[in-house]
Amino acid sequence: MDVRKIREQFPILNQEVNGHPLVYLDSAATSQKPLSVLKALDSYYTGYNSNVHRGVHTLGTKATDAYEAAREKVRQFINAKSTEEVVFTRGTTTSLNMIAYGYARVFLKPGDEIVISIMEHHSNLIPWQQAAKATGATLKYFPLQSDGTLSMDDVKNTITDKTKIVAITHVSNVLGTINPIKDIARVAHEKGAIVVVDGAQAAPHFPVDVQDLNCDFYALSGHKMLGPTGIGVLYGKKELLEKMEPVEFGGEMIDFVELYDSTWKELPWKFEAGTPIIAGAIGLAEAIDFLHSVGFDYIQKHEQELMAYAFEKLEKIDGLTIYGPKDLTKRSGVITFNLDGVHPHDVATVLDTEGIAIRAGHHCAQPLMKWLKVTATARASFHVYNTMEDIDRLAEGLVKSKEFFTHAF
Amino acid sequence: MPFNNLETLYRQVIMDHYKKPRNKGVLDDGNVTIDMNNPTCGDRIRLTMKEEDGKIVDVKFEGEGCSISMASASMMTSLIKGKDKETALKLAQIFSEMIQGKEYDTSLDLGDIEALSGVSKFPARIKCATLAWKAMEKGLYSRDN
């Protein structure tokens with residue numbers, strides 16, 4: 001496999017920004033999409049755009065088949081037991097909110113506990129804050145080790161008999177930390193709690209097997225894994241999804257509707273009210289095919305090489321601090337840092353004038369920023385289409401930022 | 001190394017205000033306190049003003065943020081100190097027009113703030129520049145109620 005061949009599938013990368021060839025290092029915010037995904041969206045809209053699960057006409061059948069084939073593709077991708085356990089949503093945020101509304105708010109009582117970690121993205125934090133307030137449950141946090149990892153001792157000490165839900169990110173969008181989901185799930189299940197996993201930053205980078213992890217819910221977003229925006233997945237174990245209440249009501253999700261009561265369709269459709277995100281699901285299936293055609297073995301190896309090289313180059317820059325684990329086997333996808341004396345926004349602006357796209361800010365993780373004792377950080381993130389030259393350009397850009405702010409005035 | 005493009009944004013006077021901020025701190029005897037933040041990036045400012053008979057007698061700011069947001073706060077406080085409320089609000093309006101790249105009124109003395117006009121070429125940074133001004137406007141309007 002050759003990264004140049006892969007890049008040919010992403011024409012957006014082949015452009016100049018501010019007079020320089022684009023270096024896209026913001027895939028953790030959203031990844032780029034290969035031609036095959038764009039073509040799948042195009043052929044749906046130009047060839048068989050139709051609503052699903054409704055009429056009897058030919059295009060409708062074609063659209064329904066493609067939509068449900070996408071669900072089967074996702075099932076295989078995360079190794080769910082059946083397609084009943086795969087609900088299409090708008091994205092990770094929606095999936096997590098659905099669990100917080102349809103499960104937590106229905107089943108939690110005062111005195112119950114929800115446990116999350118300080119490294120959560122706001123989307124796996126605020127829904128639980130709100131659910132705790134609404135039910136009288138207590139929200140607790142796993143502390144972090146100084147390198148931004150979890151210790152299993154802390155996990156064991158924090159989860160108690162009162163804990164009903166443990167919600168944890170698979171990979172931190174700031175620190176890059178890969179959390180030991182399988183071990184956490186074992187501890188949680190021993191205490192009778194369920195485990196909700198935010199997989200937004202994991203599914204794009206390595207194989208996810210929900211049965212092996214033995215998590216109870218898993219949420220992911222299509223747009224971070226080379227798919228279109230607006231499509232995501234909520235995986236849930238069948239018995240939990242059956243207990244869980246729908247959050248949205250309306251067309252498509254019903255069985256019978258009477259004047260004063262209604263019954264719901266079977267899984268997974270009871271959670272898909274209204275016209276679903278048909279093109280998005282078809283595009284996501286195509287993205288999964290693309291990831292598999294490149295292969296996760298290659299993707300992981302390539303990204304690990306990029307990460308190792310980025311560490312080597314960035315650690316040489318005087319006054320640059322990298323956050324998160326130094327042990328590269330414990331991290332994935334992102335490298336977050338600050339440059340002494342230069343605000344991350346200013347770093348991002350200088351890099352942008354060099355055609356380099358990174359993210360600067362709090363990364364929707366304000367409690368983690370507080371823990372790191374910073375207000376904001378800069379973050380470079382990778383995917384399979386990035387090259388060693390991208391890392392060289394990043395390092396040069398950072399040296400330039402430093403020079404500009406130290407010597408230009 | 002050429003920095004031409006960057007120097008339209010980061011003018012010398014801006015970096016001077018960033019590195020040596022004027023009116024930094026909190027007024028002990030202020031009668032207006034406004035906390036404002038930019039939720040998309042985490043920049044925050046606390047602005048304290050002492051307003052007497054429609055005049056801004058004193059003003060200070062403290063906060064955390066990028067060079068543009070902090071320099072803008074420093075310039076804004078320097079400019080409005082001693083001015084009457086109406087003039088301060090008028091300056092806020094002029095600043096808003098300037099920062100969006102629109103035509104703006106030049107009949108008033110704008111002090112150092114024209115150095116920030118280059119921000120209009122960097123749309124992603126406009127919110128950094130306006131944070132302190134929004135705080136000032138909010139503070140002065142709140143005194144009306």
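Chain A, in this predicted model, is divided into domain 1, which takes in residues 3-27 together with 295-407, and domain 2, which covers 38-292. Taken over C-alpha atoms, the centres of these two domains of chain A are separated by 28 Å. Where the two touch, 25 residues come from domain 1 of chain A and 24 residues from domain 2 of chain A. On the domain 1 side of that contact, the elements of chain A that give two or more residues are α11, β14 (334-339), α13 (366-372) and β17 (377-381), and the largest share, 4 residues, comes from α11(A).

Is A:Met307 buried, exposed or partly exposed? A residue needs 20 or more other C-beta atoms within 10 Å to be called buried, and because A:Met307 has 19 such neighbours, it counts as partly exposed. Leaving aside residues up to four places away in sequence, A:Met307 touches A:Leu328, A:Arg331 and A:Ile335. By contrast, A:Leu284, which is 23 residues from A:Met307 in sequence, is 26 Å from it in space, C-alpha to C-alpha.

Now to the strands of chain A. An open sheet of 7 strands, with mixed pairing, has the order β4-β10-β9-β8-β7-β5-β6. Its edge strands are β4 (86-89) and β6 (138-142) of chain A, each of which pairs on one side only, and from one strand to the next the twist averages 20°.

A hairpin of 4 residues joins β11(A) to β12(A), and the bridge partner of A:Val257 in β12(A) is A:Ser262.

That brings me to chain B, which has 5 helices and 3 strands, running α-α-β-β-β-α-α-α from the N terminus on. How does the radius of gyration of chain B stand against that of a compact globule? For 145 residues the globule would have a value near 15 Å, and chain B has 15 Å, so the two agree. Along the principal axes, the C-alpha atoms of chain B fill a box of roughly 50 × 30 × 25 Å, and of its 145 residues 39% count as buried. Among the contacts in chain B with a separation of 6 or more, 63% are accounted for by residues 24 or more positions apart.

Finally, the contact between the chains takes 17 residues from chain B and 17 residues from chain A. On the side of chain B that touches chain A, α1 (4-9) and α2 (12-19) of chain B each supply at least two residues, and α1(B) gives the most, with 3 residues. By class, this side of chain B has 9 nonpolar, 6 polar and 2 charged residues.

Key: Residues are numbered from 1 along each chain as its sequence is written. Chains are lettered from A and ligands numbered from 1 in the order in which they are written. This is a predicted model: local features need pLDDT of at least 70, side-chain atom pairs count only at pLDDT 80 or more; totals for chains, interfaces and linings use all residues. Two residues are in contact if their C-beta atoms, placed from the backbone, lie within 7 Å. Ala, Val, Leu, Ile, Met, Phe, Trp, Tyr, Cys and Pro count as nonpolar, Asp, Glu, Lys and Arg as charged, and the others, Gly among them, as polar. A residue is buried if 20 or more other C-beta atoms lie within 10 Å of its own, exposed if 12 or fewer, and partly exposed in between; C-beta atoms are placed from the backbone. Domain bounds come from an automatic or database domain assignment. Two strands pair if DSSP finds at least two bridges between them. Axes are lines fitted to C-alpha atoms, for helices over the stretch in contact, and angles run from 0 to 180 degrees between N-to-C directions. The radius of gyration is taken over C-alpha atoms; the globule rule is 2.2 Å times the number of residues to the power 0.38.
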